[in-house]
Amino acid sequence: MEATEIHKLATLEDTHWWYRERRALLARALRRLAAAGRSPGPALDIGAAGGGNTRVLRAHGWRPVALEYSADGATIAVERGLATIRADARHLPLDSASLDLVVAFDILEHVDEDHLAAAEIRRTLRPGGTALIAVPCDMRLWSAHDVAVGHVRRYDRRTLTEVVEKAGLVVDEVWSWNVLLRPVAAWRRRRSTGSDLDDLPALVNLGLRAVITAERYLPVKSLPGVSLMLRAHRPERH
């Protein structure tokens, strides 16, 4: 992702409807882990950018490290008081079996060798550790936006599951996100000439936030969306 997009993301992520709801998704996943008896431990937020998700991890008692490939993103995370390392997702500078949780939201689609990044997630997780992954879905939505933000591909359920399972992880759940707004996204992407990450008028941002929040309570996770979410774990013996 270009430096301009990193800075734009860092500026918008606290208020933009998309980033707010994604943090809410992460918070719900963490609460589910807690309800299942998982105690917070060391965690890694790959592609942390401004550190919004890293801060969610910290707020829920985890001991997170923000990992960023870009110098700009790493600098922003450090300035926000987050433990930060700059590294490539294909070569994580961490010991094997040292993490209880890895979060990789919108990372794999940026990596040519996505299987290497998935293998590193598996390597650094302790047996029983959890991976939370998000990717953009459906190549039919490919547009100038994907090019502008450095995507290599978009996924479907099969291709995402395959890359995760081949890395040695066990997939627990895959679901769609941003389903209700998919028609809007598809319409806008057909007309896009670059990134659609913008500072929206307050009322528009509020309206989109209301729609995406409503999705939490509707049975739409199996329908086509704009993103795919996946939860997996490293098996106890493998």
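Visitor: Is D88 buried or exposed in this model?
Guide: The model is predicted. Buried means under 20% relative accessible area. D88 has a relative accessible area of 17%. That value is under the cut-off, so D88 counts as buried.

Visitor: Which residue forms a salt bridge with D88?
Guide: The closest N and O atoms of the pair are 2.6 Å apart. A salt bridge needs such a nitrogen and oxygen within 4 Å. The partner of D88 is R90.

Visitor: How does R90 count by relative accessibility: buried, partly exposed or exposed?
Guide: Buried is under 20% and exposed is over 50%. R90 stands at 24%. That lies in between, so R90 is partly exposed.

Visitor: What is the relative accessible area of E113?
Guide: E113 is partly exposed. That class runs between the buried limit of 20% and the exposed limit of 50%. The value for E113 is 29%.

Visitor: Which elements do the buried residues of α5 pack against?
Guide: The buried residues of α5 are D114, A117, A118, E120, I121, R122 and T124. Contact here means heavy atoms within 4.5 Å. The elements they pack against are β1 (42-46), β4, β5 (125-136) and α7 (157-166).

Visitor: Which strands hold R231 and E173, the two partners of a salt bridge?
Guide: Their side chains meet at 3.3 Å, N to O. The two residues are 58 residues apart, so the bridge links distant parts of the chain. R231 lies in strand β7, and E173 lies in strand β6.

Visitor: What is the reach of helix α9 from its first C-alpha to its last?
Guide: Helix α9 covers residues 202-214 and has 13 residues. At 1.5 Å a residue, 18 Å is expected. The reach in the model is close to that, at 18 Å.

Visitor: Within what arc do the buried residues of α9 fall?
Guide: The buried residues of α9 are N205, L208, I212 and T213. Seen down the axis, they line one face of the helix. On the other side, L203 and L206 are exposed.

Visitor: What covers the buried residues of α9?
Guide: One of those residues is N205, with a relative accessible area of 15%. Leaving aside neighbours within four places in sequence, N205 is in contact with T15, H16, W17 and L200. For the buried residues of α9, the cover includes α2 (17-35) and β6 (170-177).

Visitor: Which residues is E215 in contact with, leaving aside its neighbours within four places in sequence?
Guide: E215 is found in the loop between α9 and β7 (227-233). E215 is buried, with a relative accessible area of 7%. Its contacts are S176, W177, N178, V179, L180 and V220.

Visitor: What distance separates the C-alpha atoms of E215 and D88?
Guide: The two residues are 127 residues apart along the chain. Both carry a buried label, E215 at 7% and D88 at 17%. Their C-alpha atoms are separated by 34 Å.

Visitor: Which residues are exposed on the other side of α4?
Guide: In helix α4 (residues 71-79), G73, A74, I76 and A77 are buried. Seen down the axis, these fall within an arc of 160 degrees, so they line one face. On the other side, the exposed residues are V78 and E79.

Visitor: Which residues make the nonpolar surface patch of about 290 Å²?
Guide: One member is V147, placed in helix α6 (residues 144-148). V147 is exposed, with a relative accessible area of 58%. The patch is made by M139, W142 and V147.

Technical notes. Residues are numbered from 1 along each chain as its sequence is written. This is a predicted model: local features need pLDDT of at least 70, side-chain atom pairs count only at pLDDT 80 or more; totals for chains, interfaces and linings use all residues. Side-chain values use heavy atoms; hydrogens and water are left out. Helices (H or I, at least four residues) and strands (E, at least two) are DSSP runs, numbered from the N terminus. The expected span of a helix is 1.5 Å times one less than its number of residues. Buried means under 20% relative accessible area, exposed over 50%, partly exposed in between (1.4 Å probe, protein chains only). The arc is that of the directions from the helix axis to the C-beta atoms. Patches are made of residues with over 30% relative accessible area and no salt bridge: like charges are joined within 9 Å, nonpolar side chains (Val, Leu, Ile, Met, Phe, Trp, Tyr) within 5 Å. Accessible areas come from the Shrake-Rupley method with a 1.4 Å probe; for residues, only the protein chains shown count as cover.
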